[in-house]
Each structure stands twice: as structure tokens, then as C-alpha cells.
Amino acid sequence: MAPLLDVRDLKVHFPLQRSDRPGAMVKAVDGVSFALDEGRTLALVGESGCGKSTTAYAILGLVEATGGQIKFDGRDITHLTRKERRALTGDMQIVFQDPSAALNPRLSIAQSIAEPLAIAGQSRDQQRKRVAELIDRVGLPAAFARRLPAALSGGQRQRVVIARALALSPRLLILDEPVSSLDVSIRSQILNLLMELQRDLRLTYLFISHDLSVVRHIADDAAVLYLGTVAEQGPIDAIFGAPQHPYTAALLSAIPLPDPIAQRSRQKIILSGELPSPIDPPPGCPFIARCPIRIETCARVRPHLAPSGTGSTVACLVRVPASAA
Amino acid sequence: MASGPVLDIADLSIAIHGNAIVDRVALSIGSRQVVALVGESGSGKSLTALSILKLLPDVAEIAGGRVSVNGVELSSLSDADLATVRGNDVAVIFQEPIASLNPLMHVGAQIAEALRLHRNVSADAARDQAIAMMAKVGIPDAPRRAAQFPFELSGGMCQRIMIAAALICRPALLIADEPTTALDVTIQAQILELMRTLRDEAGTAIMLITHDMGVVADIADQVYVMYGGRIAESGPVQVIFAEPRHPYTRLLLATIPRLEGVRKTQLKAIEGSVPLAGHWPSGCRFRSRCPLADQVCEQTPPLQAVGDDHFSACWHADRVAGIV
């Protein structure tokens, strides 16, 4: 079976608008590939500027891919006309991090959820029925329909945003940090809702997050991004059980465990330095400046993804020498 | 320095429009101690911290209680004396370093300014000390960086600048309000490591305000869990994690997905929403979301000892272990 979403060598480069750097390019996404089967969850993991959100925006057509190919259900959707893109919006939807910014404060909950239905040309009656169904589906009381977002808590607002995203029965849902802005005691409610919806509606999730404990719990596979490229990708068990890329290992080590004894006794890898700029990245390995295991070759040769032997693929010349790949 | 606590908060209440948003909070921090104040939005943790330096927003007023730093009660101080305490004895860093820095001033000068305000040093000496402090908090190439503006630095670097400015006068207490929440995890690990070093080397006491139980487990000695403007539970970090005796703490710990847990299972959730500040039920403020709540909880539970240095404000503290 063909994957629902198939991304090959995706590139999103922006020209830098600065007079002191003529011709400079921001390589936000620089050769990302992955396949996502129907009903499964792939997590895009990484820190700010790694290209995880830009990848999602390119899939949705919110930014233009400058290279590579995106296929949805077997069809090339890399470059679509506005009309074609619009016809596709029912099939793929996105939920953003901050539900307060995603809802029009002057529209009632019912009006917000009905908007995509109205645009799709449904009758008032159809809309009313579907809105009631969706409000119930995401676990909100029916009485909320007439309220304004201001009367709702953050978690309730995120439920509304999810209901609106589900309105046209999409097949792919892109979840961009869906619980990061919520209070800790509310996050598990929303994660439970997302898992339940996926099971019941056979949804496919592209789950963007910097929170690795959440990713491990909810995803089937993960791609770890660094500076617009994939450092390592594969099944969750391989990535978390035996990380092969030094960046994956450092990321895992950097999550503080909610257990003082375990957290204080574990060996920590603390990376030196900063996240580098994606403006004209160096020719070799993007991770080189912060890498604890770099060798001389890494400055010249860009590593490509190769099987690591543990189930993941990894882009590291030290772990998987180019000759062996 | 006296051997008493660096910070002692007794019976502190803060009201907004007559509503006790912070209700009779007591807390103390000893020298070299890292104390975590844990809570969600509306828990009153940030207001408690802001009140220490009298930085409360205009609508909020201190309705009762005492705050003492190194044995000196702050309400007795004149504005001029209070200005001496700020930055000198107590310094604060916030979540958004970029918002805390002056965008039009070189970062080095912002660190030096703190020193010039509180110490009688020449401009040259202040600049040299600022650069030395920048190097100490892990800023590479400090002399060049000192002459840059905040926008030229990353978020992690700006937070280091804030820490350098906060520490340049060697305060006895550093208040850190969600200092790593806006930062990436690998940078968070660096900043936590830096705070640990400061505590170990300079003996700085740290009040860490956070919602992240992982950060608490990593660095805190003592934990105060706040809910609805009150202390729900307090105790040594190991005890709070191993044997929480308040349902809120217990549930909060249970909701976090664990790296060793079974994947894709339903996560433990706390019912309902975090009530808006001031919209709590009478009696125990957690009772609208608590699985143990019954009629007794209509009365406000006192914070009572449940173990060595371990306190819980729950009528059913002995049944907490059974709820998850």
C-alpha cells in the first residue's frame, strides 16, 4: 500500500533580504524525506529553527517547496494551483500550538466550527447538525456552542480548534505543538483525546513537537531534524531505545526526568554551543560545531541517511561510515 | 552572614479587588538552597515571587503577612532602601530574556549598569567585571559580545546575559521565574547546569518558579506545590516525588508521560480545567477536580505536617497513595 503522505528530498530555501549578504539563502528545509502510512503517527522532532514547522507548511502549501516532491495519496501535490489546493483542504488540516490565537474572539464556538462547513457549501441545517456532533466528539458540553472563546479555558479552546479541524473529515491532521501552550494538568486530557480520535476515525497524524516524552508516548515513528536535515529517523523504539545520532542522544539526555534520583544519577550529555544559523550552512555535517564525536572528515563530507543496524536510519559518518553505507 | 534563612515569607496574602489570589503562603529559603515553587497558571506562584521585590502589578496589593530578606522585613523599608535590596541582595530573571533587556543598549553595558547602580566602581572597572561575568556564565568571545545588542544574540545567550546582570552584585538570592521555559531543551540543560554551578560556587540561594516537574527533579532541594493561591504541599524533593501526600501533586506526577512507560496507553488526566484565579470553590480549592473530595473538603484544610519537613493541605492526606 502506498503511504498516505510521501515526502521526498523536500527543500524550502528562502533568499535572505539583506544588502550585506547578497545572494545568501536561508535553507530552512534542506532535503527532508519521509513516508507516513494511513492511520499512523510520525513525529517531527527538533529544536527551534530545525525546519519542522516549515516542513509542515510546505505540505499544506503555506510556503512553496523549492525542491523535492510531496505526494498525498499517490498524487503529486508539490505545486498546485490555488483552486487545486483549495479542493485538498478538506483532506488535510492543521492544529496550531496556541488555541487562543487560532480562534476568532468575536465568533461563538459554533460559528468557528461551522466556518469550514459553510465554505464547503453545506446548508445551515447540515452545519448545525455537524457542529453539535463535533462538539460532543471532542468532549465539550453542548451548551458551549453559543459561548465565545474568552469564556473557555486553554484546554477547552484547543478542543474547539480540534473540532474545527475535524469538520470536513480530513485524513491527515498536522499537529504543530498541540499541547505545548496548555497547563500541565490539561495536556494529558488533550493527548488522550487525540489518541482516541485517531483510533475511532483512522486519522493520520504528523505530530510536531519538541517534547520527547510526549512524542514517545503518542507516535509510531519519529524523524529528528537538525538545521533543516534529518539526523535520524525510524521507529520510536529504535530512536528512544538506542539513539544512533549524537544529536538524538543529546536531545534525549537533555529531557529532565521527573524523578530526582534517576535524574541526578544519570550520565548527562550537555552540548556546548548554540543552534547554528540556517543561512548558508557549512558543506559538511550540519551538527559538526556541537558534536562530541566529530572527526576531521565531518567538515568536508555531508553524511547521508543510512541504515544504522538498529532499525533506524542515521546521518552520521562516525556511527555509519560512508564506505559501509 | 547570619545563619537564618535568606528569604522568609510568613502568612503572605495578596489580593486583587478584595479576592485573596495568594492566600497565607509561608515559605523559606536557606543559603545555598534551591527551592522550587511549582504550579500552573493562576496558582499564584509568580505573584508570590513578584511580591518579594514589591514588583506587583498595580491592581494587586499585599493583604497580609511578612517578607524578610536576610532577616530584614521589606515592608519596613523606604523606597530607597528597597532599591538597594533589589539587585544587591535579591535579583530576578524572567521567562522572556529578550523582553527583559533594553533593545537599544549594548548587553555588556546592561550588566555593568547593575554594578554601577549598587557599587562604587568606575565605568572601566564595571565594564571589565561585566565581561568577566559574561565569560563566567558561558558566553564565548565575551569582549566582542559585550558590544552587541540583544537582537544580535540568541534566546539562550540573552538568558545568560540576564543571569550575568542578575549575579554581578553577588546577590544572596536569585529568583528565577520560568527561566528555561522559552528555551530549547539542549539550551535548557546548559542553563540548569549554570545555575547549579552558581549555587555550588557562589552559594547563591535560588527560588525557581516552574511548571516542569522534570526541571524540579533535576535541580531543586525543596519543593512547594501551589494550587489556587495556596501551598498544597511542601517537602524535600525526594519525598515529594516518592510519596506525594496531596492529590494534586500525586495526579500532576501521574499525568506526565514517562520515558519508561507503556506507549499509546491512556494517560492519567486531572478532570476539569484550571479555574481562573479567584473562581475557586470554597474550602479546599482543589476539590472541584479532586477524586477524594467529600463534604469535609468544604472546610479549608490547614497545611499540616505529614512527615519530616513534609506538609500537606489535604483532609485526606493518608489516602492520597490510593488514587492512582
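Trainee: Among contacts in chain B between residues at least 6 apart in sequence, what percentage join residues at least 24 apart?

Mentor: It's 64% for chain B. Keep in mind that this is a predicted model.

Trainee: Okay. How many helices and strands are in chain B?

Mentor: Chain B has 11 helices and 12 strands.

Trainee: And what's the radius of gyration of chain B?

Mentor: It comes to 21 Å, which agrees with a compact globule, because one with 324 residues would be near 20 Å. Along the principal axes, the C-alpha atoms of chain B fill a box of roughly 65 × 50 × 35 Å.

Trainee: What share of chain B counts as buried?

Mentor: 49% of its 324 residues.

Trainee: Switching to the core. Which residues touch the most other members of the largest nonpolar core?

Mentor: Val224(A), Ile111(B), Leu173(B) and Met207(B), out of 193 residues in that core. Helix H7 of chain B, residues 155-167, gives the most to this core, with nine residues.

Trainee: Let's follow Ile111(B). Which residues is Ile111(B) in contact with, leaving aside neighbours within four places in sequence?

Mentor: Ala130(B), Met133(B), Met134(B), Ile161(B), Ala164(B), Ala165(B) and Ile168(B). Ile111(B) also belongs to the contact that H4(B) makes with H5(B).

Trainee: How do the axes of those two, H4 and H5 of chain B, cross?

Mentor: Helix H4 (residues 107-118) and helix H5 (residues 123-136) of chain B have axes that come within 8 Å and cross at roughly 115°. The crossing is right-handed.

Trainee: Which residues make the contact?

Mentor: From H4(B), you have Gly108(B), Ile111(B), Ala112(B), Leu115(B) and Arg116(B). H5(B) brings in Ala126(B), Arg127(B), Gln129(B), Ala130(B), Ile131(B), Met133(B) and Met134(B). By class, the residues of this contact are eight nonpolar, two polar and two charged.

Trainee: Now the interface. How many residues of chain A are in contact with chain B?

Mentor: 39 residues of chain A, and they meet 38 residues of chain B. On the chain A side, the elements giving two or more residues are H6 (154-166), H7 (184-201), H8 (212-218), H9 (236-241), H10 (246-254) and H11 (260-265) of chain A.

Trainee: Which element gives the largest share of that side?

Mentor: H7(A), with nine residues.

Trainee: And how does the chain A side divide by class?

Mentor: The side of chain A that touches chain B has 20 nonpolar, 12 polar and seven charged residues.

Conventions:
Residues numbered from 1 in each chain as written. Chains lettered and ligands numbered in written order. Predicted model: local features only at pLDDT ≥ 70, side-chain atom pairs only at ≥ 80, totals over all residues. Contact = placed C-beta atoms within 7 Å. Helix = DSSP H or I, 4+ residues; strand = E, 2+ residues; numbered from the N terminus. Nonpolar A, V, L, I, M, F, W, Y, C, P; charged D, E, K, R; others polar. Axes fitted to C-alpha atoms, helices over the stretch in contact; angles between N-to-C directions. Left-handed = near helix turned anticlockwise from the far one by under 90°. Rg over C-alpha atoms; globule rule 2.2 N^0.38 Å. Buried ≥ 20, exposed ≤ 12 C-beta atoms within 10 Å, placed from the backbone. Core = buried A, V, L, I, M, F, W, Y, C linked by C-beta atoms within 7 Å.
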